[in-house]
Amino acid sequence: SHGERPEQLLQRCRAVIAYSVRTGHPRFFNQLFSGLDHHALAGRFITEALNTSQATYEIAPVFVLMEEVVLAKLRELVGWSGGDGIFCPGGSISNMYAMNVARFHRFPESRHKGSWALPRLALFTSWESHYSIQKGAAFLGIGTDNVHLVGTDERGKMIPEELEKEIQRAKAEGAEPFFVCATCGTTVLGAFDPLGTIADVCQRHGLWLHVDAAWGGSALLSGKHRHLLAGIERADSVAWNPHKMLTVGLQCSAFLLRDTSGLLQRCHGASATYLFQPDKFYDVAYDTGDKTPQCGRRVDCFKLWLLWKAVGTEGLARRVERAFAYTRYLAEEVKRRDGFQLVLEPEFINLCFWFVPPSLRGREGSPDYWPRLGKVSAA
């Protein structure tokens, strides 16, 4: 009722830190992020202290302009000369935005008429894709039964021929295909789907191509490794999380659009007159808050901007290349270590490395080996 003394509060803060996981520790390997750059941390201190929202230019003039600059630079790395985008609360939400925008683009009347104006929709992603695709389909009313999981090869990459078969099957069942999600850097195996061939399939059927590069997108910064995302410039939308490999800190997730027609605004905007007045004293196009279902929105661009200004594109590229080098080093060490067998040559730094203990050796030839291993590993 009366609050506690400062000394007691300080002790509680110490207890919180003592019992929390040290995600910046050199031997923290649990998640798809690790470490925290001190420049980005300084940026977080500043934005928390300023306590502003990214919704309008009048309340966040510096950060609204900065977000546009950072998003433009990310789009340039993807290979687009223009486009749109927004920073989102994580890659899962970015993927969900992609589904929603793709649905609106195909069926704009659904914004007003809802699901009654829609046929039975079908979307496609690989067996190795992120679980947020299933959650997004459920949240948006598309339904998880309408998420078609496409087969993958032994490295976890989507097989374009299987995608073609699934699209044809969905059409034969009376569904309306509209969306394909390819993945660059899958959670378990770190696979990069063959974007160019997948884009060919999408172009042939008139489908929206979204690339979930939440994890692998940072490879675009490296001249040595950006070939893994060859064809990403043909995507309609991209999700990219700098808070993963670039150690920007949670959260920093960009949703990027190739569209330049204001699709994001038309899909999500409500034009609330008490907030987004059309007769302000500045160009109201800078009020970007109506592009998203959120109202209040964190400033996630500044920590990336400050880090980028500090180390430069070359510094970020070295960070990516170091992650690849560490992956190769660990794989080679495992090969030399008795009692372990490397399951798969790593293409990218994974959630962790799957090693087969002696009790499971000798079963690689069985047809159900990889599915069983994948389910055990994921569990």
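A residue is called buried when its relative accessible area is under 20%, exposed when that area is over 50%, and partly exposed in between (1.4 Å probe, protein chains only). The model shown is predicted, and local features are reported only at a pLDDT of at least 70 and side-chain atom pairs only at pLDDT 80 or more, whereas totals for chains, interfaces and linings use all residues. Residues are numbered from 1 along each chain as its sequence is written, and side-chain values use heavy atoms, with hydrogens and water left out.

**View 1. Confidence along the chain.** The protein averages a pLDDT of 90, and 91% of the residues score at least 70, where pLDDT is the predictor's confidence in each residue, from 0 to 100. Over residues 351-358 the pLDDT is below 50, and this stretch has 27 contacts in the model beyond near neighbours in sequence, a contact being heavy atoms within 4.5 Å. Over residues 360-379 the pLDDT also stays under 50, and here the model has 15 contacts beyond four places in sequence.

**View 2. The aromatic pair F63 and F302.** Rings of Phe, Tyr and Trp (its six-membered ring) pair if their centres lie within 6.5 Å, and planes under 30 degrees apart count as stacked, over 60 as edge-to-face and the rest as tilted. A search of the whole structure finds eight aromatic pairs. In one of them, the ring centres of F63 and F302 are 5.6 Å apart and the planes stand at 55°, so this pair is tilted. Because F63 belongs to helix 3 (residues 61-78) and F302 to helix 10 (residues 301-336), the pair ties together parts that are 239 residues apart in sequence; helices (H or I, at least four residues) and strands (E, at least two) are DSSP runs, numbered from the N terminus. Both F63 and F302 are buried.

**View 3. Further aromatic residues.** F178 and F179 form a tilted aromatic pair, with 5.8 Å centre to centre and 35° between the planes, and both F178 and F179 are buried. Elsewhere, Y57, F281, Y282 and Y286 form one aromatic cluster.

**View 4. Backbone angles in the loop between strand 6 and strand 7.** Most residues other than glycine have a negative phi, and most peptide bonds are trans. In the loop between strand 6 and strand 7 lies T247, which is not a glycine but has a positive phi of about 55°. With a relative accessible area of 14%, T247 is buried. A cis peptide bond, with omega about 0°, joins L250 and Q251, and Q251 is placed in the loop between strand 6 (237-240) and strand 7 (253-257).
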